[in-house]
Amino acid sequence: MFSTATKDSAQNTAQDIKGDLNNAANEAGRKVRNLYNSASDEISHASDKVTAEIRTNPMRSSMIALGIGVVLGALLRR
């Protein structure tokens, strides 16, 4: 039905597409990994900053937490 040359050409094209998809998937994986690492570093930095603020101003931090709790409680009751 199809010639050998046509089958070989189709197989080569399929292999090229498979290679391109593999490369695209690897690149996407690297980008996601870099994004994850950046986000993780930012969250860690923010956590350290919040912890330091709580330790230096425990009363103010407690009042802020109490205020947030009251507001959330009021919102959730509705």
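The structure is a predicted model, in which local features need pLDDT of at least 70 and side-chain atom pairs count only at pLDDT 80 or more, while totals for chains, interfaces and linings use all residues. Residues are numbered from 1 along each chain as its sequence is written, and side-chain values use heavy atoms, with hydrogens and water left out.

I begin with the overall form. The chain has two helices and zero strands; these are DSSP runs, with helices being H or I of at least four residues and strands E of at least two, numbered from the N terminus. Its radius of gyration is 28 Å, whereas a compact globule of 78 residues would have one near 12 Å. That radius is taken over C-alpha atoms, and the globule rule is 2.2 Å times the number of residues to the power 0.38. The C-alpha trace spans about 80 × 35 × 5 Å along its principal axes. As one example of separation, the C-alpha atoms of Ser3 and Ser62, 59 residues apart along the chain, are separated by 79 Å.

Of the 78 residues, 1% are buried, where buried means under 20% relative accessible area, exposed over 50%, and partly exposed in between, with a 1.4 Å probe and protein chains only. The accessible surface comes to about 7200 Å², and 61% of this belongs to carbon and sulfur atoms; areas come from the Shrake-Rupley method with a 1.4 Å probe, and for residues only the protein chains shown count as cover. Ser62, in helix H2 (residues 58-77), is partly exposed because its relative accessible area is 42%.

Finally, the salt bridges. How many salt bridges does the rule count? The count comes to two, a salt bridge being a side-chain nitrogen of Lys or Arg within 4 Å of a carboxyl oxygen of Asp or Glu. One joins the side chains of Glu27 and Arg30 at 3.0 Å, N to O. Both residues lie in helix H1 (residues 4-56), three residues apart, about one turn of the helix. Glu27 has 33% relative accessibility and therefore counts as partly exposed; Arg30, with a relative accessible area of 41%, is partly exposed too. The side chains of Arg60 and Glu53 also meet in a salt bridge, at 2.2 Å, N to O. Arg60 counts as partly exposed at 48% relative accessibility, and Glu53 is partly exposed with a relative accessible area of 34%.
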